[in-house]
Amino acid sequence: MDAAEERRFREFVSTRSPALMRLAYLLTGGDQHAAEDLLQSALAKTVTRWHSVDTPEAYVRQAMYRQQVSWWRRRRETAVSESPDRAVADGTHGVELQIVMRRALARLTARQRAVLVLRYYEDLPEAEVARIMGCSVGTVRSTAHRSLARLRDLAPELREPYMIFGEASA
C-alpha cells in the first residue's frame, strides 16, 4: 500500500467508523466489546484488499455481516435476563424501551437478527438483503415476518402505540 492509499484508508476509517460501529453494535446484539472486535476485524480484512475495493463502506459492511453470521453459526446464543415489567414514571421509559429492544434482539437467532438489521435498520431492499445473506427474497420476507412476530412475543411492551422497525404490531 502506497502513502496515498494509506491516507485514503485512514480518512475512510476516521470518517465512517462511528456509523460502522453503530451497525456492529446492532449486529452483535448490543455487546460493545464484540462490536469493536467485529469492526476491527472487518477493517483489517478491508485494508488487505484496499487497492481493489471500489466502494469501501459497502465492502466493510458486507465483511461485518458475513463475519458475524459466521460467528453466530459457531457459537450458541446465550440467555439474556428479562427486563422489568413496568415503565418508570421519571422519564426513563424511552431508555427502558431501548434496553427491552436490545435484549429482545439478542434473543433472536443470528439469521433473524441479521435480516432485521439489514432490512429495517440499514433500510436495504429485500433483494439486496437476499444477496448479502445468500438466500432467496422469499426467505428474507418469511424470516423478517417471523422475526418481527418473535420480537413481539419476547417484548410485548414494544407493541403499539410503539412500533417495531416501522411495522405496526398486530
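Me: Among contacts between residues at least 6 apart in sequence, what share joins residues at least 24 apart?
Reply: In this predicted model, 58% of those contacts join residues at least 24 apart.

Me: And the secondary structure, how many helices and strands?
Reply: The protein has 7 helices and 0 strands. Along the sequence the pattern reads α-α-α-α-α-α-α.

Me: How much of the protein counts as buried?
Reply: Of its 170 residues, 38% are counted as buried.

Me: Start with α1. Where does α1 bend, and by how much?
Reply: Helix α1 covers residues 3-27 and bends by about 55 degrees at S17. A proline, P18, follows within four residues.

Me: Which residues of α1 are buried?
Reply: S17 is on that list, together with F9, F12, A19, L20, M21, L23, A24 and L27.

Me: What caps the N-terminal end of α1?
Reply: D2 does, with a side-chain oxygen 3.2 Å from the backbone nitrogen of A4.

Me: And what follows α1?
Reply: G29 comes after α1, and its phi is positive, near 75 degrees.

Me: How do α1 and α5 pack?
Reply: Their axes are 9 Å apart and the angle is about 145 degrees. From α1 the contact takes R22, L23, L26 and L27, and from α5 it takes R113, V117 and Y121. By class that gives 5 nonpolar, no polar and 2 charged residues.

Me: What about L116, buried or exposed?
Reply: L116, which sits in helix α5, is buried because its relative accessible area is 0%.

Me: How far is L116 from L26?
Reply: The C-alpha atoms of L116 and L26 are 9.9 Å apart in space, while the two residues are 90 apart in sequence.

Me: Moving on to α7. At what angle do α5 and α7 pack?
Reply: About 105 degrees, with the axes of α5 (residues 110-121) and α7 (residues 137-154) 9 Å apart. The two helices are therefore roughly perpendicular.

Me: Which residues meet there?
Reply: On the α5 side they are R111, Q112, V115, L116 and Y120. On the α7 side they are T139, V140, T143, A144, R146, S147, L148 and L151. The contact of α5 with α7 divides into 7 nonpolar, 4 polar and 2 charged residues.

Me: T143 is on that list. Is T143 buried or exposed, and why?
Reply: T143 counts as buried because its relative accessibility is 4%, under the 20% cut-off.

Me: What does the side chain of T143 reach?
Reply: It reaches the backbone oxygen of T139, at 2.7 Å.

Me: And leaving aside neighbours within four places in sequence, what is T143 in contact with?
Reply: T143 is in contact with R111, Q112 and V115. R111, Q112 and V115 are among the α5 residues that meet α7.

Me: Now α6 and α7. How do their axes cross?
Reply: The axes of α6 (residues 126-133) and α7 come within 8 Å and cross at roughly 100 degrees. So α6 is roughly perpendicular to α7.

Me: Which residues of α6 and α7 meet?
Reply: E126, A127, V129 and A130 in α6 meet V137, V140 and R141 in α7. The contact of α6 with α7 has 5 nonpolar, no polar and 2 charged residues.

Notes: Residues are numbered from 1 along each chain as its sequence is written. This is a predicted model: local features need pLDDT of at least 70, side-chain atom pairs count only at pLDDT 80 or more; totals for chains, interfaces and linings use all residues. Side-chain values use heavy atoms; hydrogens and water are left out. Axes are lines fitted to C-alpha atoms, for helices over the stretch in contact, and angles run from 0 to 180 degrees between N-to-C directions. Angles under 35 degrees count as roughly parallel, over 145 as roughly antiparallel, 65 to 115 as roughly perpendicular and the rest as oblique. Contact means heavy atoms within 4.5 Å. Ala, Val, Leu, Ile, Met, Phe, Trp, Tyr, Cys and Pro count as nonpolar, Asp, Glu, Lys and Arg as charged, and the others, Gly among them, as polar. The bend at a residue is the angle between axes fitted to the seven residues ending there and the seven starting there. Buried means under 20% relative accessible area, exposed over 50%, partly exposed in between (1.4 Å probe, protein chains only). A polar contact is a pair of N or O atoms within 3.5 Å; within protein, one must be able to donate a hydrogen and the other to accept it, and residues adjacent in sequence count only if both atoms are side-chain atoms.
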